[in-house]
Amino acid sequence: FPIALVGTDGSKMYIKFRLLPPEGETIEMMTEEEQKNYLTYAFPQPEGTDSRDPNFLQKDLEERINIGDGVKMRLQVKTADQSEATDLGFFHPLAMWPNSTWQTVGVLQLTELLDVDTYWRKIKHAPSNLLEGMSIIPCVSTKEPNFINHAREIIYRSVQNTREILL
């Protein structure tokens, strides 16, 4: 989803980001059959034939971090000027933004995982916890593509409050 960046002079631009494997490395991709059955692959049902642990991705990440230099991913961004945001389609996560190309800005390296207590009590993750000068793009209707960000903020805050009560 696009994030708004606001300059000290009040100018605004938008940014999208994505994470990719480091240059020259590939990630394990789904087979054609798995792509056809994506929902079953991503969210295996108890009656399905998927024998993997429901937390297999978390365990894989832990193993990869524990046996080496961590997990590296390239961070790429696309930027767009405020003048390009001419309609709501611009804010859709799949919008192409044809006037911009993906630029690699760095490599992220995960070297440790936080325990649940640290994550929920100290970081207090929420979609609105952004760096200074960044903001979630406001919306006025549930029909706007960026409405999901506002819904996530409300849901995350509610879940976090519940966890604090239970922990």
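Helices (H or I, at least four residues) and strands (E, at least two) are DSSP runs, numbered from the N terminus.

**Entry 1: ground rules**

I am reading a predicted model, where local features need pLDDT of at least 70, side-chain atom pairs count only at pLDDT 80 or more, and totals for chains, interfaces and linings use all residues. Residues are numbered from 1 along each chain as its sequence is written, and side-chain values use heavy atoms, with hydrogens and water left out.

**Entry 2: the whole protein**

I looked up the elements. The protein has five helices and five strands. From the N terminus on, I read the order β-β-α-α-α-β-β-α-β-α.

Next I looked up burial. Buried means under 20% relative accessible area, exposed means over 50%, and partly exposed lies in between (1.4 Å probe, protein chains only). Of the 167 residues of the protein, 19% count as buried.

I then looked up the surface. Accessible areas come from the Shrake-Rupley method with a 1.4 Å probe; for residues, only the protein chains shown count as cover. The protein exposes about 12500 Å², and carbon and sulfur atoms supply 56% of that area.

Contacts came last. A contact means heavy atoms within 4.5 Å. Among contacts with a separation of 6 or more, 68% come from residues 24 or more positions apart.

**Entry 3: the loop with Thr101**

Where is Thr101 found? I found Thr101 in the loop between E3 and E4. Leaving out residues up to four places away in sequence, Thr101 touches Val77 and Lys78. Thr101 and Lys78 are 23 residues apart in sequence, and their C-alpha atoms are 5.9 Å apart in space.

I also checked polar contacts. These are pairs of N or O atoms within 3.5 Å; within protein, one must be able to donate a hydrogen and the other to accept it, and residues adjacent in sequence count only if both atoms are side-chain atoms. The side chain of Thr101 makes one with the side chain of Gln103, at 2.8 Å.

**Entry 4: two residues of strand E3**

I took Gln76 next. Gln76 lies in strand E3, residues 71-81. Is Gln76 buried or exposed? Gln76 counts as buried because its relative accessibility is 6%. Its side chain makes a polar contact with the side chain of Arg18 at 2.8 Å. The side chain of Thr104 is another polar partner of Gln76, at 3.0 Å.

Lys72 is partly exposed, with a relative accessible area of 38%. Beyond four places in sequence, Lys72 touches Pro22, Val107, Leu108 and Gln109. From Lys72 to Gln109 I count 37 residues in sequence, yet the C-alpha atoms are 4.3 Å apart.

**Entry 5: aromatic rings**

A pair of aromatic rings is described by the distance of the centres and the angle of the planes. Rings of Phe, Tyr and Trp (its six-membered ring) pair if their centres lie within 6.5 Å; planes under 30 degrees apart count as stacked, over 60 as edge-to-face and the rest as tilted.

How many aromatic pairs does the structure hold? It holds two. Tyr14 and Phe90 have ring centres 5.5 Å apart and planes at 65 degrees, so I logged this pair as edge-to-face. This pair links distant parts of the chain: Tyr14 is in strand E2 (residues 12-20), Phe90 is in the loop between E3 and strand E4 (103-110), and they are 76 residues apart. The rings of Phe90 and Trp97 have centres 4.7 Å apart and planes at 5 degrees, so this pair is stacked. Ring pairs link Tyr14, Phe90 and Trp97 into a cluster.

Trp97 is found in the loop between E3 and E4. Trp97 is buried, at 2% relative accessible area. Most residues other than glycine have a negative phi. Trp97 has a positive phi of about 50 degrees although it is not a glycine.

I checked for a charge over a ring (NZ of Lys or CZ of Arg within 6 Å of the ring centre and within 35 degrees of the ring normal). Lys16 lies over the face of Trp97, at 4.7 Å from the ring centre.

A nonpolar core is a set of buried Ala, Val, Leu, Ile, Met, Phe, Trp, Tyr and Cys residues joined through side-chain atoms within 4.5 Å. The largest one has eight residues, among them Tyr14, Ala80, Phe90 and Trp97. Ala80 touches Met13, Tyr14, Phe90 and Trp97, again without residues up to four places away.
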